Amino acid sequence: MKMEHHLKLCTRSKNKFLTTKFISIFFFTLFLFVILFHIQYSYPFDFFLSARSQRCAFRSQENYSDVKETMTAKLKDSVTFLPLQDLRFRETATTGHTWFMSSLNDTHEENEAEHLYFPSKASKGRLLCFKGRDTKDGTKNSYALAWRESLPDSAILLEGLTFVSYTYYDHHNLWHGLSAVAPFVRWSMKNKCLKPARWVLFHWGELRLRMGSWVQQLMQANFGKVKVEGFDRDVPYCFEKAVVMRHETSQMGQENKLKVFDLLRCKARSYCGINPAGKGREINENGFSIIRLTLLMRRGSRSFKNAPAVTDIFAKECARVKGCILQVVQSDDLSFCDQVKVLTNTDIVASPCGAQLTNMLFMDRESSVMEFYPKGWLEYAGSGQYAYHWMANQSGMKHQGAWWDPMGKECPSPKDRLQCFLFHKDGMVGHNETYFTEWVRRVIDHVRLIKLEQASANQANEQQYDSKACIC
């Protein structure tokens, strides 16, 4: 019994030992297996994961490109062109809301001309595009805004800076043309004297292919070569950068207008090779200050009925003052540079109302202007008859008054103011010897006294405005 009990104990101990050994061997084997598996299969597994990730990334990139291409196509298709001329605002085109690019609001800065700039924060970074080149119907020409990355199909992108000028009037008449382009000169002065690569001109939304010769040469004197864009192809044209002016100088402050006209005067003189050194303190051989009086004549409408009689009146009064020199010129006989030269050397200009008076721009500040009107203008011309009075103030001149001819035919329909103005608009100007004599004498004496004061105080500073004006 004891023997059997001993054998059972031995058997149990042996079995326990074998079990422990087996478990140890099992876990050791399992541990080796895991290590070997990791060593042998980890790289291919990682490669598999990497390849799978790359395939997913490629598919994601491919999907992104597809989405981007789709979105770009949709943006191109969504560019909406609107008529340049919005007929809803036709009645308020000059008094309130503009009918040119009517969906867009101007940038307003104190004492500066209202304007639009593209691309800008206001345009959400979008460029300005035009489509159409109709010269007779502004509603057939259109505009739109588009991001550079999604310009309309077939669109031509014009690089550089573009000046877009809209005017209710025109770019040919000296006065209206100057009023339309002067705001661009001011904008350039404020923006490091930037110059345009091209101009785009519109009148009532209708494309215009050129400026008047006088206006173009003035802009050429200031900006260099003037290129007027004609949109040769019937596709959208978009602009890398564009400035749009559509309200002329209405909101520009007086001081800024003076700066603009000083710059234009200086540039025009330089362009024409005119050096007015010493002007303002000239004296004749007898030591009298020279006063230059110019009768700036015109032919046809609003010319003098009796030009020789008017010339005689001015000649007699000029001869009365020692140092006074009279010059009589026909404005339409003068080239642009001839006009610059004549008015540069003028202290007093006397002329019938008309575009030729815009040349007062080239006179020195404090020079004098005398103006003459036909019958009917005082009654029917409205505020427009004071345009050259305004210009004299804006350019630093002294407007010495005007004379309205009281004699002439009466309007056949006096209740219709517009028809009466059209009836009188291009009439000729008479004269009144007594009034003209006293008037021109008074103006000459005024200028003579100013020159005497300047000479005695030694204030006649050579080119005091030109030296400061040619900043661009």
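The model is predicted, and local features need pLDDT of at least 70, side-chain atom pairs count only at pLDDT 80 or more, and totals for chains, interfaces and linings use all residues. Residues are numbered from 1 along each chain as its sequence is written, and side-chain values use heavy atoms, with hydrogens and water left out.

The secondary structure of the protein chain comes to eleven helices and 13 strands. Helices (H or I, at least four residues) and strands (E, at least two) are DSSP runs, numbered from the N terminus. Of the 472 residues in the chain, 45% are buried. Buried means under 20% relative accessible area, exposed means over 50%, and partly exposed lies in between (1.4 Å probe, protein chains only). The chain exposes about 25,800 Å², and carbon and sulfur atoms supply 54% of that area. Accessible areas come from the Shrake-Rupley method with a 1.4 Å probe; for residues, only the protein chains shown count as cover. Among contacts between residues at least 6 apart in sequence, 76% join residues at least 24 apart. Contact means heavy atoms within 4.5 Å.

The largest pocket holds about 1,300 Å³ of space. A pocket is found on a 1 Å grid over the protein atoms alone, as an open set of points where a 1.4 Å probe fits, with protein on both sides within 12 Å along at least five of seven lines; lining residues have an atom within 4 Å of a point. Grid points are joined across faces, edges and corners, and the volume is the space filled by probe spheres set on the points. The lining of this pocket has 41 residues. Tyr169, Trp175, His176, Glu248 and Gly384 lie nearest the centre. At least two lining residues come from each of strand S5 (156–167), H2, helix H4 (254–271), H7 and H8.

Helix H3 has buried residues at Trp214, Val215, Leu218, Met219, Ala221, Asn222 and Phe223. They pack against S5, H2, S6, H4 and helix H6 (336–344). Glycine 224 follows H3, and its phi is positive, near 90 degrees. Phenylalanine 231 lies in the loop between helix H3 (213–223) and strand S8 (237–245). Its phi is near 50 degrees, a positive value in a residue other than glycine. Phenylalanine 231 counts as buried because its relative accessibility is 2%. Cysteine 193 also has a positive phi, near 60 degrees. It sits in the loop between helix H2 (174–190) and strand S6 (198–203).

A cis peptide bond joins phenylalanine 118 and proline 119, with omega about -5 degrees. Proline 119 is in the loop between strand S2 (116–118) and strand S3 (127–131). Serine 142 belongs to strand S4 (residues 142–146). Its relative accessible area is 11%, so serine 142 is buried. The C-alpha atoms of serine 142 and phenylalanine 130 are separated by 5.7 Å, although the two are twelve residues apart along the chain. Not counting residues up to four places away in sequence, serine 142 touches Phe81, Leu82, Pro83, Leu84, Cys129, Phe130 and Lys131.

Glutamine 394 is placed in helix H8. Glutamine 394 is buried because its relative accessible area is 12%. Leaving aside neighbours within four places in sequence, glutamine 394 is in contact with Gln254, Lys257, Leu258 and Phe261. Tyrosine 386 lies in the loop between helix H7 (377–380) and helix H8 (387–394). Tyrosine 386 is partly exposed, with a relative accessible area of 31%.
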